Amino acid sequence: MYTSIFPTVRNTAIFALLLGAGNCMAATDMRQVVDSTVQPLMQQQDIAGLSVAIVQNGKAQYFNYGVASKESKQPVTENTLFEIGSVSKTFTATLAGYALANGKLKLSDPASQYLPALRGDTFDHISLLNLGTYTAGGLPLQFPDESDNAGKMISYYQHWKPDFAPGTQRLYSNPSIGLFGHLAAQSLGQPFDRLMAQTLLPKLGLKHTFISVPKSQMNLYAQGYDKSGKPVRVGPGALDAEAYGIKTSTSDLIQYVEVNMHPAKLEKPLQQAIAATHTGYYTVDGMTQGLGWEMYPYPITLDALTQGNSAQMAFQPHKVNWLTPPQAPHADTLVNKTGATSGFGAYVAYVPSKGLGVVILANKNYPNAERVKVAHAILSAMDK
């Protein structure tokens with residue numbers, strides 16, 4: 001079905017007449033494209049439930065498959081809540097951009113300026129930008145198990161030493177961008193969770209996006225499944241909200257994509273915040289690093305997009321080439337982010353200059369390469 005990003009229109013035949021011929025690919029054609037890529041994927045990867053949303057010219061279309069829970073057999077809809085893992089980092093970055101727009105922080109400031117417990121050592125020489133772009137000097141992908149809780153995380157940072165000079169290597173890291181979000185919240189004088197729930201998400205117009213799913217919405221919260229098919233949902237951890245804590249639906253997430261592509265309706269500080277997340281700070285192996293978002297020249301080959309979202313890119317350090325000054329995105333840019341928890345897999349990709357976007361949410365963590373393949377096929381079909 002077609003749906004406006006804001007009002008809902010569910011009659012595809014009437015909507016197609018209203019839209020006019022040639023403005024976007026016909027609903028039946030897109031159904032064939034999405035079905036032909038998603039249905040084999042779900043069978044091959046044993047995915048219980050999956051939802052796809054696409055947007056073109058400000059109009060959204062949803063494709064829902066399978067069940068939110070194997071036990072209840074509740075069908076997936078565009079309102080089903082999924083864990084989106086590291087796609088949450090883009091929300092964290094937007095909050096930091098909001099603090100930046102309001103004059104509460106500068107990306108060049110040392111991280112220790114915003115947390116007295118970090119002063120006098122390593123984080124006097126690591127900037128907020130280093131934390132937000134994974135260039136602090138080798139902070140790992142995850143906290144060590146013994147430090148993966150709120151009570152131990154500060155001690156972890158106090159004792160951590162860089163493996164390489166800050167600003168020289170990219171190493172994808174939850175503790176890096178997690179601390180970035182934590183310090184952004186410190187600059188705004190409120191807890192991160194409260195700022196997200198009461199300030200950022202409402203200002204973005206997102207009404208069904210949560211860090212902590214309220215009881216009234218629990219019936220919409222999908223059950224995740226691990227690689228062996230056992231039910232699992234994300235558990236607590238150090239800076240979990242900042243790094244991987246968002247739960248949302250394809251209907252909300254495609255609206256988030258739309259406001260990222262067309263932020264003019266938002267208040268000025270949020271427009272500036274989104275611009276900060278889309279700014280290119282350095283390049284590495286064909287990818288341009290923003291805050292949270294990762295960007296590529298468009299059009300892009302499937303192989304290049306797959307490589308950019310590979311395990312090698314996530315797990316290995318890469319030398320960075322800083323852009324001085326930082327650069328606004330080129331006219332034709334693909335913006336994307338993957339995310340996962342133990343029981344969920346997410347992927348978001350969009351092309352602002354074309355007004356095209358795709359969101360794929362599933363209640364299983366399956367390989368990034370498969371997510372990218374589906375999204376690339378869908379975007380390619382929309383851009384004909």
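Mentor: Two strands pair if DSSP finds at least two bridges between them, and strands (E, at least two residues) are DSSP runs numbered from the N terminus, as are helices (H or I, at least four). This is a predicted model, in which local features need pLDDT of at least 70 and side-chain atom pairs count only at pLDDT 80 or more, whereas totals for chains, interfaces and linings use all residues. Residues are numbered from 1 along each chain as its sequence is written, and side-chain values use heavy atoms, with hydrogens and water left out.

Trainee: How many bridges join strand 11 to strand 14?

Mentor: Strand 11 covers residues 294-297 and runs antiparallel to strand 14. Within this pairing, Tyr296 has Leu334 of strand 14 as its bridge partner. The number of bridges joining the two strands is 4.

Trainee: How many residues of strand 14 are buried?

Mentor: Buried means under 20% relative accessible area, with a 1.4 Å probe and protein chains only. Strand 14 spans residues 333-341 and is mostly covered. Of its 9 residues, the buried ones number 8.

Trainee: What share of the 384 residues of the protein counts as buried?

Mentor: The secondary structure of the protein comprises 13 helices and 16 strands. By the cut-off already given, the buried share of its 384 residues is 57%.

Notes:
Buried < 20%, exposed > 50% of the residue type's maximum accessible area, 1.4 Å probe, protein only.
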